[in-house]
Amino acid sequence: MPTHIGTHADPSQTPAPDVAPRGHAPATVAADGGERLRQLATEVLRRVDEVVIGKHEVTSEVFMTLLAGGHVLLEDVPGVGKTTLALAFSRLLGLECTRLQLTPDVMPSDIVGFSMYRRDTGEFAYQTGAVFCNLLLADEMNRTSPKTQS
């Protein structure tokens, strides 16, 4: 049975820690750098836990997955803070976040983008889709038809 995630504060009001989210960390970390990294990770988790209350294990796992460059699928009942959790991480880490509402009328071009002819220049211009970001929040997937989910 899922437990309720309470929200304590607006994640947009939470100041970001002193982290550099873009790019990849070096494969090896110096001894003093490792301690600094541990402090930053602890601070990020503490701040997310201030916003999303009662789900420390979930926030830790999501954070580890983000650090490893992985993907996360959060499944739970509506209204327990999944979106708040994603937005808190994106704001704290300075990640570009895009929210994609998976309604039945979502088209592939909404996700990956499309080329559009610009009459003024006589050229095609690529309009990026929602997937071109650091953190993609595909919301309400379970409320759509199986065709849209696929």
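## Burial and exposed area

Of the protein's 150 residues, 27% count as buried, a label for under 20% relative accessible area, with exposed meaning over 50% and partly exposed in between (1.4 Å probe, protein chains only). The protein exposes about 10200 Å², and carbon and sulfur atoms supply 56% of that area. Accessible areas come from the Shrake-Rupley method with a 1.4 Å probe; for residues, only the protein chains shown count as cover.

This is a predicted model, in which local features need pLDDT of at least 70 and side-chain atom pairs count only at pLDDT 80 or more, while totals for chains, interfaces and linings use all residues. Residues are numbered from 1 along each chain as its sequence is written, and side-chain values use heavy atoms, leaving out hydrogens and water.

## Fold

From the N terminus on, the elements run β-α-β-α-α-β-α-β-β-β-α, giving five helices and six strands. These are DSSP runs numbered from the N terminus: helices are H or I with at least four residues, strands E with at least two.

## Aromatic pairs

Let's turn to the rings. The structure holds three aromatic pairs (Phe, Tyr and Trp rings, the six-membered one for Trp, with centres within 6.5 Å; planes under 30 degrees apart are stacked, over 60 edge-to-face, the rest tilted). One of them joins Tyr117 and Phe124 edge-to-face, 5.4 Å centre to centre with 65° between the planes. Tyr117 is partly exposed at 46%, whereas Phe124 is exposed at 62% relative accessibility. Tyr126 and Phe132 also pair edge-to-face, at 6.2 Å and 85°.
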